[in-house]
Amino acid sequence: MSIQFHNLDTVKSYKTLLKRAGDIKVGSFLTAEGIQNSNIDAGGGLSYNYAAKAVDEQLISQLQDLADEQQVIEKYKALLSGTIINTGENRMVLHQLTRGELNGKVVYDGKDQRQFYISQLKRIQSFAHKVQKAEIKGSTGKPFDTVVQIGIGGSDLGPRALYLALENMSTPLLKAHFISNVDPDDANAVLKNLNLETTLFILVSKSGTTQETLANRNFVIEKSRQANISGFNPAAHMIAVTSETSPLAGSSDVLDSFYMDDFIGGRYSSTSAVGGAVLSLAFGYDVFEQILEGASEADALALNSNIKKNASLMDAMLGIFERNVLGYPSTAVLPYSQALSRFPAHLQQMDMESNGKSVSRDNIRLNYSTGPVIFGEPGTNGQHSFYQLLHQGTDIIPLQFIGFKKSQINSDLDYEGSTSQQKLKANLVAQVVAFARGSFSSNTNKNFEGGRPSSLILGEQLTAKSLGALLAHFENKVMFQGFVWNLNSFDQEGVQLGKVLAKQVLSGGDDMDVILKGFADLLEI
Ligand SMILES: O=P(O)(O)OC[C@H]1O[C@](O)(CO)[C@@H](O)[C@@H]1O
């Protein structure tokens, strides 16, 4: 079946959906049976539960109609087979190919893309093994015990979030740190605690041109020169991860280079060499492989055209209803797992840099809302921070809870009749119900209206495999929403203007306009 691209407001099933505004309340599925029947397998041992959403059977059927009319599964299959989906950059979109081959081979310019990605990951596996076995050592003969990733955006957020998610689960073979901000305090704070002789730096930049990353690379090299360590050679303490078309490709200033390519967007690159290098060096390649396995399971489940059996599609379509019919401008991701402390930050880039667009894939200005604002913090901490607004604020903000039955570290304490993990889970359950059902009080200041929708992604334990499935769940949700909104979710023109103006400020040339100059003078640049 050929795929057709239509703006959301031209689609018949959307117009039907709009009529449901205001007549659905949270609660239709809030019964013991309804909760059990609202679970969808999300892969990697995870399930997605939508019982506490504003949803009923009729709405599910209408969301199914919209997904079908926007051909979201056909478009997913086309993406998997190498169709040019990234129209803004005239590129294929192949991040799922780094973890599985779900719709045939993709051959580009005579190269089997899947085999290319596998070959790079196998090179990383071999390199990481040699580092961990001290067959590859630092320039002064000492084995490496630390890795430091230098990168920003997708070259930092996803890999960092995944590293922190597993740091307590699998004792790192090498301790990882991350330098991302051009703020010199970021690099200095990391460097001040390092033994440079036992540290391997991973320079990660898909484009090879990102100002912050190149500045931090030079910062690290200069600092190591100033350390004046006898026999120290910075080039023996750095590897590069970049695209084959980048200026960094084949650099002789690094020990080795590992590649991804232009068909993997930075915010979707955690399962490529961008995440593979640091995670394999830190935990061993077998742990990274488990991440790939979980992501691949989620990708396969996302092929199901039945919304009731496709967790990322159900999540996506409910999000469309909340954004475009109920008019909610933002959504919060609330992981009840401290290990996922930076996962919401990764999702901010992945979702907002993908669907924070106001023109269609054909560059036509849109007349409807698109990507929501994403924020979030781990629970229970968020409960002592912004939950007041979530419960009693004037805006309703749909919530995406994430929870696990077991903690990662097998050590707990029974205090006042419950363990800490039981307290964590009890708070999670309490919040879902409090938001959904509220609590009436004649004192309006103490009244909880309820009717605040939430979903729950639940797993047995946060492992490498469940983490991979979680990552892919949200990637596929964003992809489906982009198809429904008829966006190009895979370029990011909106970040270019800031880069141009920053360069003007730094050049200080006569072309700097008076406003730039005015602020530049204020900061004494
Ligand atoms: O990996 P690179 O090319 O250094 O880019 C870093 C980040 O900058 C952006 O291009 C713009 O923010 C992101 O999409 C990307 O993840």
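Of the 14 residues around the ligand in this predicted model, Ser-155, Ser-205, Ser-207, Thr-210 and Glu-353 come nearest, where a residue counts as near if one of its heavy atoms lies within 4 Å of the molecule. By class, this shell holds 2 nonpolar, 9 polar and 3 charged residues; Asp, Glu, Lys and Arg count as charged, Ala, Val, Leu, Ile, Met, Phe, Trp, Tyr, Cys and Pro as nonpolar, and the others, Gly among them, as polar.

A polar side-chain atom of Ser-205 is 2.6 Å from a ligand oxygen, and the side chain of Ser-155 places an N or O atom 2.7 Å from an oxygen of the ligand. For Gln-349, the corresponding distance between a side-chain N or O atom and a ligand oxygen is 3.2 Å. The protein covers 87% of the 390 Å² of accessible area that the ligand has on its own, as computed by the Shrake-Rupley method with a 1.4 Å probe.

Turning to the domains, an automatic or database assignment gives domain 1 (8-95 + 292-493), domain 2 (107-288) and domain 3 (495-525). The ligand lies between domain 1 and domain 2, because both give residues to its shell. The centres of these two domains, taken over C-alpha atoms, are 31 Å apart. Their contact (heavy atoms within 4.5 Å) takes 33 residues from domain 1 and 27 residues from domain 2.

Residues are numbered from 1 along each chain as its sequence is written, and side-chain values use heavy atoms, leaving out hydrogens and water. As the model is predicted, local features need pLDDT of at least 70 and side-chain atom pairs count only at pLDDT 80 or more, while totals for chains, interfaces and linings use all residues.

Definitions and conventions
Polar contact = N/O pair within 3.5 Å; in protein donor to acceptor, adjacent residues only side chain to side chain.
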